[in-house]
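The stops below are given in the order in which to select them.

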Amino acid sequence: MDKLRQTPSQTVGPFFAYGLTARQYGYDFTSIVDNSLVGAFPMGIEIDIIGHVFDGEGKPIPDALIEFRQADEKGRYRSVPLEKADSDFRGFGRFGTGTEPDAGFHFITVKPKALSGQAPHINVILFMRGSLRHLYTRIYFPDELNIDDPILRSVDPSRIRTLIAESSGANRYQFDIHMQGLNETVFFDL
Amino acid sequence: MDQTSFDVHPPHLYAPYKSTILRSPTRPLMPVRELLKDLTLPAFGESLIGKLDNDLTKNARKNGEPIGERIKVSGVVMDEYGKPLAGVLVEIWQANSAGRYVHKEEIHDAPLDPNFLGAGRILTDREGRYSFYTIKPGAYPWGNHFNAWRPNHIHFSVVGHQFEHRLVTQMYFQGDPLFEYDPIFQSVPVHARELLIAKFRMDWTEPEFALAYEFNIILGRRSSTPFE
Ligand SMILES: [Fe+2]
């Protein structure tokens with residue numbers, strides 16, 4: 001059977017904030033998710049992940065939209081629908097780089113555990129003005145055993161470091177995304 | 001069928017759209033499809049969706065009705081085999097009828113509408129259907145090149161249940177004279193541009209109320225791997 005043609009991708013543009021991240025930016029509209037992936041009483045180790053998205057000239061991009069999707073502290077992806085008054089682990093979050101003074105992003109979550117032979121990681125989906133199709137990458141942790149992770153093993157060894165966050169304090173990690181240049185982040189094709 | 005006929009997506013780097021030059025990866029993406037085929041996206045419950053969230057003509061009223069041409073935009077979200085996808089989150093945002101976005105950084109000299117925000121959302125029903133009432137957005141200028149204008153469009157964000165069912169796109173209107181001048185629209189391969197254009201549906205028009213447009217959304221994996 002001939003497949004239907006997919007709807008082509010287009011850029012998220014510069015003005016997504018009042019639709020996708022209204023509360024973060026102070027618009028008079030609700031948000032379905034924000035930068036906190038944890039529930040009211042998080043299990044596991046609560047962590048902060050901060051970072052920037054840098055363009056080909058090394059300038060931080062102030063109109064990127066970042067989504068996190070991850071497993072919980074036991075390595076489980078949430079399967080029940082997210083609800084409005086939700087006190088459980090959400091495992092999905094969104095943040096735009098237009099509200100922090102240095103065009104950064106900031107997520108609050110728990111350290112994930114990953115099952116089935118992978119190292120713990122966070123899936124990252126990246127959108128921005130100037131990006132015609134979204135990009136996918138992963139955050140791994142510097143204090144975990146990453147050596148047997150099947151994805152990291154297939155990455156050019158000289159670029160693995162672009163997928164590993166830096167520790168920047170107790171339960172705090174820094175993960176910068178570089179669109180281009182010597183430190184260009186590894187992006188994946190789905 | 002020739003694989004390239006399925007390659008509907010724009011390239012990462014499309015120089016006429018200048019912002020792509022410093023914001024697109026220069027190295028090839030790493031294929032990881034086999035390792036990710038079970039990865040999901042979250043499901044969203046009805047409690048997250050407000051009653052007026054899919055009616056942009058009502059969800060931001062302050063002292064009256066928004067100005068402009070009322071329209072209805074509806075369609076079905078499905079996979080590449082035509083299977084309707086239920087419970088998919090569809091979010092939209094757009095300019096008002098004068099071509100002005102509510103966004104604070106927006107500087108286009110056109111009026112804001114106190115009764116129009118331009119944002120909405122809905123979950124697809126069991127048949128994969130979604131529907132919005134809104135105001136037809138106006139064209140607006142942008143800084144890409146001298147005298148650059150965007151065709152009328154509505155931004156769409158779609159979150160399905162599989163990780164590969166994530167899409168951000170823009171919906172356009174038939175016959176827009178700006179198509180041939182717009183590098184964002186033109187970044188899509190010629191044969192696939194029609195897939196971004198909503199169809200006017202006289203038979204769905206609501207008499208004395210609103211014109212209707214159909215925009216179906218097909219989700220699938222991106223990978224350009226030539227074989228199944
Ligand atoms: Fe736009």
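Start with residues 73-101 of chain B, which an unreviewed UniProt entry lists as "domain: Intradiol ring-cleavage dioxygenases". The model is a predicted one.

Now select residues 49-77 of chain A. UniProt, again in an unreviewed entry, gives this stretch the name "domain: Intradiol ring-cleavage dioxygenases". Its end C-alpha atoms lie 19 Å apart, with 45% of the stretch in strand and 0% in helix.

Stay in chain A and show the side chains of A:Glu67 and A:Arg94. They form a salt bridge, with 2.7 Å between the closest N and O atoms. A:Glu67 belongs to strand E2 of chain A and A:Arg94 to strand E3 of chain A; the two residues are 27 apart, so that the pair links distant parts of the chain. Over all chains, the count of salt bridges is 23.

Next, display both chains and colour the interface. Here 70 residues of chain A are in contact with 91 residues of chain B. The two chains bury about 7,500 Å² between them, and carbon and sulfur atoms give 59% of that area. On the chain A side, select A:Arg5, A:Gln6 and A:Leu190: these lose the most area to chain B, together 12% of what that side buries.

Which residue of chain B forms a salt bridge with A:Arg5? Select B:Glu194, where the closest N and O atoms of the pair are 2.6 Å apart. Five salt bridges are found across the interface of chain A and chain B. Polar contacts across this interface, counted with both residues at pLDDT 80 or more, join 38 residue pairs.

To see which parts of chain A face the partner, select the elements that give two or more residues to the side touching chain B. These are helices H1 (17-20) and H3 (150-153), and strands E2 (64-70), E3 (92-96), E5 (121-128), E6 (135-140) and E10 (188-189) of chain A. Coloured by residue class, that side of chain A shows 36 nonpolar, 16 polar and 18 charged residues.

Finish at strand E10 of chain A. E10(A) pairs with strand E1 (residues 30-31) of chain B in the parallel sense, over two bridges. Zoom in on A:Phe188, whose bridge partner in E1(B) is B:Met30.

Conventions:
Residues are numbered from 1 along each chain as its sequence is written. Chains are lettered from A and ligands numbered from 1 in the order in which they are written. Side-chain values use heavy atoms; hydrogens and water are left out. Contact means heavy atoms within 4.5 Å. Buried area is the accessible area (1.4 Å probe) that two parts lose on being put together, summed over both. A salt bridge is a side-chain nitrogen of Lys or Arg within 4 Å of a carboxyl oxygen of Asp or Glu. A polar contact is a pair of N or O atoms within 3.5 Å; within protein, one must be able to donate a hydrogen and the other to accept it, and residues adjacent in sequence count only if both atoms are side-chain atoms. Helices (H or I, at least four residues) and strands (E, at least two) are DSSP runs, numbered from the N terminus. Ala, Val, Leu, Ile, Met, Phe, Trp, Tyr, Cys and Pro count as nonpolar, Asp, Glu, Lys and Arg as charged, and the others, Gly among them, as polar. Two strands pair if DSSP finds at least two bridges between them. UniProt positions are given in the numbering used here, feature names are shortened, and annotations may be inferred rather than shown by experiment.
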